[in-house]
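Visitor: Please show me the structure, and I will ask what stands behind the terms used for it.

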Amino acid sequence: MLDYFKKRISRNIKITVIVCAVIFIAAAAISRLDFIKLIAGPTKADMMKPMSELEGKYVSFDADYVMANYIRTETITKRNGVETGRSLTSVGYIAIVIDPAENMPAHYFGVVVPAKEDKTLEKLTDGFWDYLNGEGDIPATYHFKGSVRKVKSDEMKYWNDCINKINKTGFAEAFDMSNLEAYTVDYDKVGHSSKFLVIICLIVMILSALYCIFHVTFSMLTYDDQVKKFVAADPRRSMEKLSESFSRATKISDDMFVSPDTLFFRKGGKIKLVDLNEVVWAYVYTYKGTNYLRLYGINGKMIAAPAVAAAANAVREIDRVVPHCVCGYNAELNKMFSKNLSGFLGLKYYPAKQAQMQAAGGAQAAPSFEMDVDGSLKPVETASAQQENAPQMEAVYTPNSDDLEKDLAAMLNGGSQAAQDAVSNQADAAQEAVQSAAETAQETADKSENPYDLDFTPIDFDNDNK
């Protein structure tokens, strides 16, 4: 039994591993492997190099000056097609990097930063122009990180407008701007991918890997835990008996088997068992196109509800091999089960248990059953048991000692009619007492044959879905 389900669970594990691997590879492909750059972090780059050599790289650097704002990106909120608000998303500035060796002109290119950095860069820009006009100190450098990309076609208009404004100030005449490139370092890019997309893909890859590892490890270590608990819960159970029961079970599906005393099924990476001796009602429940085998116990609570396409076949098999279980569903049964559990158990459970006890130990020794307050069954004493436990009723003749002497003397002298009548009356009373006790015992025995006084009519339970 364990070997069979272990193979099924191993097959399930393989499928899980394959699915997780496909998800992992797909996420890596969507991110263009840029998650590696995100994990490794930006590299310190020489920003005096041509930007074409740095395109797609995740870099960090310090800009000597921030020159001018060339673009502002906003998010527009609409409701029913009508604009309801705007929020600044990002800003783009032109930055300047000076060659430390002064062998080549300063390098001019764009940077895109989140909107929260706008005030900082605006101050740096004002500081740069104040410094050129001799009205301030050298502004501080600013640390940037992001991926190098070309200025997009829809951004070029704003880029060119900004350059034209700078030229009008006469800056280009005073300083060499030949090393100006329409490239930008975008904070929202990692490699060639959006940082948000890369982060999502990385999370998906991590979760798929962790789930795969957890599922494989947990399934292999705990697949038979429920079986061990099932055996340990009852000293009459053993692995040998379970294996024997499984060998006689009827196959409902590849993952479910029904024997006369146990339901075997697999749920994910675990083997599940249900003691059918505790099941009193079984029927098919369909929800959103999925069939469930619902099983209820003598306490009125659901024991299990495994999903199985052939749930109707399972109900039919349980109906065939478990005589004490009501199989099928209708409104009357549901009402009785909810409102009158004892009456529901009287339909099949009590009679079946009575028949089992009679078959096992004989009719006189077989007890009836009734439900105790805690939901358990307790035997009801039969007539024979009551006779054995009841005080023995025997007629005992104990006449008065004085009368005994008188009657004895009279009998020795030829007999006394009065003494003979007294003896006769005492004997009649004793005989009546014995007869009364026998009638009482017979009445008790008759009641024990049908303790619930049930007018039981067999019901044809259809395996209808609820």
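Guide: Asp 62 has His 143 in strand 6 as its bridge partner. This is a predicted model, in which local features need pLDDT of at least 70 and side-chain atom pairs count only at pLDDT 80 or more, while totals for chains, interfaces and linings use all residues. Residues are numbered from 1 along each chain as its sequence is written, and side-chain values use heavy atoms, with hydrogens and water left out.

Visitor: What makes strand 2 and strand 6 pair?

Guide: Strands are DSSP runs of E with at least two residues, helices are runs of H or I with at least four, and both are numbered from the N terminus. Two strands pair if DSSP finds at least two bridges between them. Strand 2 (residues 58–63) and strand 6 (residues 142–150) have 6 bridges, in the antiparallel sense, so they pair by that definition.

Visitor: Why are strand 1 and strand 3 said to stand at the edges?

Guide: The open sheet has 7 strands in the order 1-2-6-7-5-4-3, with mixed pairing. Strand 1 (43–44) and strand 3 each have a single partner strand, so one side of each is left without a neighbour in the sheet. For strand 3 (residues 65–79), 13 bridges join it to strand 4 (residues 82–97), and the two run antiparallel.

Visitor: How do you know that helix 5 packs on the sheet?

Guide: Helix 5 (residues 156–168) touches strand 3, strand 4, strand 5 (107–114) and strand 7 (180–186), where contact means heavy atoms within 4.5 Å. Its direction makes about 145° with that of strand 3; axes are lines fitted to C-alpha atoms, for helices over the stretch in contact, and angles run from 0 to 180 degrees between N-to-C directions.

Visitor: Why is the aromatic pair of Trp 281 and Phe 344 called tilted?

Guide: Rings of Phe, Tyr and Trp (its six-membered ring) pair if their centres lie within 6.5 Å; planes under 30 degrees apart count as stacked, over 60 as edge-to-face and the rest as tilted. Trp 281 and Phe 344 are 5.4 Å apart centre to centre, with 55° between the planes, so the pair counts as tilted. Trp 281 lies in strand 14 (residues 279–287) and Phe 344 in helix 12 (residues 341–347), so the pair ties together parts 63 residues apart in sequence.

Visitor: What makes strand 15 and strand 16 a pair?

Guide: Strand 15 (residues 290–297) and strand 16 have 2 bridges and run in the antiparallel sense. Leu 295 stands opposite Ala 304 in strand 16.
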